Amino acid sequence: APRARARPAGPMGGVAPSRAANRERRSAAGGARGAARGDGSPPADPQPAKLSRAELYKPPTSEELTQLKETEDLFHSSLLRLQIEELLKEVTLKETKKKKIDAFLHEINNLLGAIPETPETELTDQAWLSKDVKVPFLQVPFNVKGKFHFVPPAELKVVGSYLLGTCIRPEINVDIAVTMPREIFQDKDNLNQRYHRKRALYLSHIAQHLSKEKLFGSVKFAYMNSNHLKPILLLRPQGKDEKMVAVRLHACPSSGLFKPSRFYPSKNNVRTAWFMEQSTPKEATEPPTPHYNNSILCDTVMLSHLHFLSNAATDFPGMKDGLALLKVWLNQRQLSKGLGCFSGFLVSMLVAYLLMKRKIVKMMSGYQVLRSTLQFLATTDLSVTGISLAKDADPSLPVLDDFHQAFEVVFVDPSGLVNLCADMTASKYHQVQFEAKCSMEILDDRMVDGFQVLLMTPKPMLRTFDHIFHLKHVSKLQGTCKKMQLLNELMDRGGNYVAAALPFIVSLLARGLSRRAQLVAHSLPQTPEWPIDAEPPKHKDVGPLTFGLLFVPEFAASTLEKGPQADHPEALEFRSFWGEKSELRRFQDGSICEAVVWEASTVCQKRLIPEQIIRHLCGLLHVWETGEEAMVSVVCSYDDLSRKLWNLKELPLTVTAVQGVHPALRYTDVFPPIPVKPIYSFHDRRKHLLLPSEEKPCPAYITPLKIICHMEGSGQWPQDKGAIKRIKAAFHLQLAELLRQQHQLVCRPAVTHTDVYKDGYVFRLQVAYHREPLILKEVVTPEGMLKYQDTEESRQLELETLHLPYLTSSLHGLQQQHPVFGSTSRLAKRWISAQLLSDSISEECVDLLVAFLFLHPAPFIPPSSPQVGFLRFLNLLATFDWKNNPLIVNLNTGLTGEQGKIKNKFVAARSRLPVMFLATPKDQWSSMWTRERPSAQILQRLILLASESHRALEELLMDPLSDQDVKMVFRPPLDFYDVLIHLNPNQIPRQLESVDQPVKSASRGVVKNSSATNILFPVVDYDPVQLYLQELRDAFDDLALFFYDKHGGEVIAVLWKPLSFQPQPFKVSSMKGRKVTTLNNELVCVPNVEAILEDFEILGEGLVKSVEARTEKWTI
């Protein structure tokens, strides 16, 4: 067959993923060129290549055969191969850009040679420097010996990824090593930051001269990987090319200037007396300064690293591709920038190491390099067993153990001197390892689109971790360093207290949360670049530090921390770690152990135990109910009722199944029912009934918990739909009678159901007969033939008696596996209701969307806290491509290989299907929960609201200093609507469920009680607002849409339908809500808005407080 070109994937890195993702899903062939250019030009219509018959059936060439073989062996699908090839095209640098960059580098080279020398001065005398340049170095303490003068560079060499061809868009950095001449150095420049300060002064002088040149759009300073000891100079071209490239100048010493042995990890090069500004040195031994030594050594090996990498990359095209993929992978996980990051350079060295160890061979493709590297990372812990690129064992060089004593993570370069992971914390490496493990599982899972998930989906901390907390003011870490006696670490890191304290804080947290958390991670401290006339950023300018916790779901909420036995030597250490929290306890097995017990009574408080631990450990409580306990007691009461129904005596037919269908019975009811009994004096009494009283506020809303009772089949059931309804009514009466006699329950039978009051809850029993839907489908044709077809009535009944019970039991099972599924779904529904859209999307649909996050979490793992689940829910709504893809929710893993079939069928029938299409194992083709709603306009609105809410929450949660309230995303924007109907709060039965609870609220005529038995039946399922809404919709459906927050909203928002406002020709039959006017001498009718607004008030008399018309938005 003719070979079509694949679709490209969007450019990755700093680009918003949704655009890339959507572009990636567009048509197959045509847009490849436009999108590969990255200019988003529309795809040209694909022209099929005209091939002669001979060409079409030509046998494949040997090259094509190897490609086919490779595709079969390596990739799940040929699609993955095409996606990867297109991604690589998208991120690699184009030849035209290369030429421009080369010309720019050539001009920089000329300019650097022409910078004048300066006279020699003391290092501390910096008056020769222009006032427009500030030295990019924190000179603390300021006094230091040594002299400095500027001499133009001895040599300029381009190093790094640009030369190797492994740099990727959108951020192209070109690194230039500027060799400082030997004559500007003196004997003891390795000591007390003298070398670092000369380096900073050298760059300052260059900056002063280059800033006058017209060639540059900007000249700025930055810290290399946010390390304060290593400033670099950033040069960007003028004009529209400014975004094209950043040239980074690194000053480095001429070769052979320093004796390497001075910089072994065990050596000291910063004297305590100098650092502490004491006049006489103490006679004590000086501590080693491995990080300081490493920062100087890095500068001496830049060129040798370049040669080493270029040797690895020769004749190895797969290396370039593999590195591009690995860099995209690291960028998406926020691992590649900041102090101690897993940089692109580091991953290049790792690939070279695997090549050296023959774990990778030069025959491999980019995808194989990606897989082998991830496999190595997933299985090797460099914080325990370091690796080295040094070939010949020089006995004088330090060994791996020396490095392990000085650094948390060890990866030694080819010279045997430099630790490439010197600044990385063990925690950060463990995070990389964890991500690699997850990624390998995803690549091996045939059910997941590995490409989309691994390379196209960003993983910000907020959506990745279950709990996030911030260290707001990092300047407080100065105190931590004092308290933990980290003076040596401070000297080693040039006074950077954030870098000095971070490893200690993380290991403290990891130890305190050892059983609960599978991962304790931290954000990477990052300092932004700054103008050359500004002071360099201080240590505190890295902003707040963020920590993320990933829980082990079984232990996250346990209240006990069991320690060693009291007489064991470890007990002392346990006591000193936990302080006064630790106490002796006797356990069931008779042992007496140290233990820490955390106070927590509700599920919500137990979820916050990690917070208690963190606050306790950092030496640093408001209690609320989240309704999770309430839900459990509802389910217990339901279980008891279903046992009683199974065992009812004297029923003509037995109950074969009892199935709950109310959301509370699958743990996803936003406000689970609370057990209550009515206050009689609050109601009007009629015989045995209670009715709402006109004088009193509306009674509290009592939700009936619906339960389906399936009766056994029998030849006695009639085959006529009217007769079946009567038999069911008789069953409802009899159920009520028998429950009253045998279990003393108060019941109230009706034709379609029986309400049962039990344990303070009201259950609504509905009898079902399994053949009834079939009987409802019977239609007699004009010829007298009997045929079966779906009717609205049969569909509705199947939904209630078959599909809803199945969904409820499946989701009940999901809740047992993932304890926060219910809470996540409740947050999601509360948000949808708060946006006034709860009537526009079904509860079951939201439950399924949330279930999707737990069943298909890749690239994440399933949420273990409701807030991270909710953020992912908003992100799913906002970024999923509803137009071109079905959302497949694999409940109970009922689908094994049908996903492709569903997708193909979906694409073929797209125009006839609902705008939001959900497929489940039992409902693969009809998307029953979204068939009626949401409409296309509502889905658009939902997507917009979700992306805005997600953005707002992300900003709020990642900025610990903001004073905003998380509730702001639950307060809907009302300026969008045409009319607002304000309601009287006394008549809103669920007023207490509103987002901002009322200051004072009326009594609602019920008290909490779960043991009342012989009572008058309370008022059930009575919500005047919902009844009013129904009347409005019935009367004005053709003119307007009505929106309301059913959880205690005080406003009904109205939107006019634009079409109904266009003048219609006058017809007597269509005059409802309209008035006659003349237009161009014709009689036309238009909506009579004044009368309609008056009708709103009349219909809602007593419930409506006022009607506010936003006439500035529309004219009558």
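Reader: Is Ser833 buried or exposed?

Author: Buried means under 20% relative accessible area, exposed over 50%, and partly exposed in between (1.4 Å probe, protein chains only). Ser833 has 1% relative accessibility and therefore counts as buried. This is a predicted model, in which local features need pLDDT of at least 70 and side-chain atom pairs count only at pLDDT 80 or more, while totals for chains, interfaces and linings use all residues. Residues are numbered from 1 along each chain as its sequence is written, and side-chain values use heavy atoms, with hydrogens and water left out.

Reader: Where does Ser833 lie, and which residues is Ser833 in contact with, leaving aside its neighbours within four places in sequence?

Author: Helices are DSSP runs (H or I, at least four residues), as are strands (E, at least two), both numbered from the N terminus. Ser833 belongs to helix 29, residues 821–834. Contact means heavy atoms within 4.5 Å. Apart from neighbours within four places in sequence, Ser833 touches Ser838, Tyr1044, Asp1045, Lys1046 and His1047. With Lys1046, a polar atom of the Ser833 side chain is 3.4 Å from the backbone nitrogen.

Reader: How many salt bridges are there?

Author: A salt bridge is a side-chain nitrogen of Lys or Arg within 4 Å of a carboxyl oxygen of Asp or Glu. The count by this rule is 44. One of them pairs Asp1023 with Arg990, at 3.9 Å from N to O. Asp1023 is in the loop between strand 30 and helix 34 (1024–1036), and Arg990 in the loop between strand 29 and strand 30, so the pair ties together parts 33 residues apart in sequence. Asp1023 counts as buried at 5% relative accessibility, and Arg990 is buried at 14%. Elsewhere, salt bridges that share partners join Arg666, Lys829, Glu843, Glu844, Asp847 and Lys1046 into one network.

Reader: What of a salt bridge between Asp996 and Arg971?

Author: Their side chains meet at 2.9 Å, N to O. Asp996 is in the loop between strand 29 (979–983) and strand 30 (1006–1008), and Arg971 in the loop between helix 33 (936–958) and strand 29, 25 residues apart. Asp996 is partly exposed at 42%, as is Arg971 at 35%.

Reader: How many disulfides are there?

Author: A disulfide is a covalent bond between the sulfur atoms of two cysteines. The criterion is a pair of cysteine sulfur atoms within 2.5 Å, and the count is 0. For Cys747, the closest cysteine sulfur is in Cys709, 11 Å away and too far for a bond.

How values were computed: A polar contact is a pair of N or O atoms within 3.5 Å; within protein, one must be able to donate a hydrogen and the other to accept it, and residues adjacent in sequence count only if both atoms are side-chain atoms.
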